[in-house]
There are 2 protein chains.
Amino acid sequence: MVGGSVPVYDEIVLSTALMNNILTFDSVSGILTCQAGCVLENLSLYLDDRDYIMPLDLGAKGSCHIGGNVATNAGGLRLLRYGSLRGTVLGLEVVLADGRVLDCLATLRKDNTGYDLKQLFIGSEGTLGVITAVSILCPRKPKSINVVFLGCETFEQLLKTFQLCRGMLGEILSAFEFLDSECMRLLNTHLKLSNPISDCPFYIVIETLHKFLEEAMTSSLVTDGTVATEDTKLKYRWNRVTEALTHDGFTYKYDVSLPVEEIYQLVTDMRQHLGRRAKSVVGYGHVGDGNLHLNITSPARDHALLSAIEPFVYEWTSRHHGSISAEHGLGLKKRNYIYYSKPRQTVALMGNIKTMLDPRGILNPYKTLPDDLK
Amino acid sequence: MVGGSVPVYDEIVLSTALMNNILTFDSVSGILTCQAGCVLENLSLYLDDRDYIMPLDLGAKGSCHIGGNVATNAGGLRLLRYGSLRGTVLGLEVVLADGRVLDCLATLRKDNTGYDLKQLFIGSEGTLGVITAVSILCPRKPKSINVVFLGCETFEQLLKTFQLCRGMLGEILSAFEFLDSECMRLLNTHLKLSNPISDCPFYIVIETLHKFLEEAMTSSLVTDGTVATEDTKLKYRWNRVTEALTHDGFTYKYDVSLPVEEIYQLVTDMRQHLGRRAKSVVGYGHVGDGNLHLNITSPARDHALLSAIEPFVYEWTSRHHGSISAEHGLGLKKRNYIYYSKPRQTVALMGNIKTMLDPRGILNPYKTLPDDLK
């Protein structure tokens, strides 16, 4: 969605793949410092041996670089528990547009000395500077993890389960993800992944340190449920929805965040709005973060369908005070929709910051900021 | 230490005390939106009734305003568990130097739409804009909390206890604070607070969701320990060190962060360096964050003592790659020491941002940035 490394016209694409060294790791504090080209999964494996984990986990972990994760402020599966990269990234080294190296590579959890400049570069998609090294705070590997898979009749019950879960588990709830029956159908059809429980309109994946299942099952909120015997299998299912979608046809992908009560209403409204024009309209996401992945497939690229989806989806999100780019950034395709989520004056200030740091506009020039600021 | 509301020459001090309304609270997501003048303790009480807590807790909670907490990026006692305000503050409303109101008052956990401008204002001590409203993500109230008070023979054993604790408790450790025997002596002398365990060189306060004490006591690391019967009493002790210090004499206060292995070495070195010139040299702090509060008392204000302390303390911190302002900001007194923690070029860029947002220099004019940038 971000298309961060996709050239549009005349840009030079810079690879940091050879900058893949781990610089330091402190096993007391859990602070890792590494070069920007380290692959997320390699960092995870390195930490696993040392009883730590990375504070973020993504479907793309086998190929994505930590520098890119930071540049796009990647969210992913562990955000509910460990928070965003804005809290876990402690330091950055950044090369500015004029070639100067900005050294903000601190490894301190607390540091209130002047302005926290590294925040400017987190999530700026390479438009303000090139991240070359990262220091990040890593959590200890949890002692035991329970993954629970539940089914609900309505989205309202799913939300009530979320509240129950937060109330009971609070501190030890690390993920609460959902998928709808359309997602499950695609997983069955295209990837031959069978449903581990009985058919339901909604499914929940919960990750916790607690044996939660028995208690959830006795509530009237949940229709059916199971606990992972091998962790990976249940989690894997959620992760593979994207893959199933690519088999279903051309996919229009939207990544929005909304007040959590309203996230599924967008799927329902879109389904009704599009009717038979779409092949599948599916929703899955991170309930804990109010983050919905709305995906619409069609047999092939379809301009009529696209104009039925947009700007409908942006208007809907804006009307419900949501963000049109939740865990993915604006990139190329969504840059001109920025005004659906941000006031004009805020965007103008973003333009000033861009001009201050990159006066000649050489860094990722066609991304993030709208054309009318150019 | 920050002296945020202390006028230096000719400034107008702005009070937000009447802007004390809670605007919204969402009990599903735990997102609170309120005006900047709300007192932290009032927000805590409001949330307590709703089974939530504020993600920050400070000694000054009875009087400090949430807007000021955000403007100074306050750390405090819950940072280890809930992370910094950079992650928990979801939105801000800010009045800029030219009177425009910048609306970044989002209530979304995930929002990657353009640059995250609110980060500029967190911790900028009112020098870039005036925060008028805040939205913040609040954690659920934990079901049960155990507060444990332990004693150690050496700081090395204290650090080993921290590692043990993080390894065993991981997810459910919410605070790990320490104080030295000098702090305990001051608490005894000035506040008549007795030591709840046998005398030791170092004391630890642990807050966890787990019954940790039995296991810690069987390790050889810990000399003595007790569990809080009434939570507040043990925690209270740690909180009151500042108060005990004021009874001890004029206090020179330093708030630094360092790699956690080295935080106590600064106290030892300072004690040796000052010898009899100081009345007391004490250290206490948040081990989980590498944050040391170093305090030096003397019967009265003493210029000779001050010049023995500074720049020694800053040079020591700089040599050990620490920050001279950990949870408190630079404010007035420390603005010219910024170069001990930040490279020149980084500070120059901070100056550019200040000029961009406040070209006439009317916001908190004598704070944070060093004189040579003026």
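**A helix and an interface**

In helix α13 of chain B (residues 312-319), the residues B:Val313, B:Tyr314, B:Trp316 and B:Thr317 are buried (under 20% relative accessible area, 1.4 Å probe, protein chains only). Viewed down the axis of α13(B), these buried residues fall within an arc of 160°, so they line one face of the helix; the arc is that of the directions from the helix axis to the C-beta atoms. They pack against β10 (250-257), α11 (263-274), β12 (291-298) and α12 (303-309) of chain B. After α13(B) comes B:His321, with a positive phi near 60°. Helices (H or I, at least four residues) and strands (E, at least two) are DSSP runs, numbered from the N terminus.

The model is predicted: local features need pLDDT of at least 70 and side-chain atom pairs pLDDT 80 or more, whereas totals for chains, interfaces and linings use all residues. Residues are numbered from 1 along each chain as its sequence is written, chains are lettered from A and ligands numbered from 1 in the order in which they are written, and side-chain values use heavy atoms, without hydrogens and water.

At the interface, 84 residues of chain B are in contact with 84 residues of chain A (heavy atoms within 4.5 Å). Between the two chains there are 10 salt bridges (a side-chain nitrogen of Lys or Arg within 4 Å of a carboxyl oxygen of Asp or Glu). One of them joins A:Asp289 and B:Lys110, whose closest N and O atoms are 3.1 Å apart. On the side of chain B that touches chain A, α14(B) gives the most, with nine residues.

Definitions and conventions: Buried < 20%, exposed > 50% of the residue type's maximum accessible area, 1.4 Å probe, protein only.
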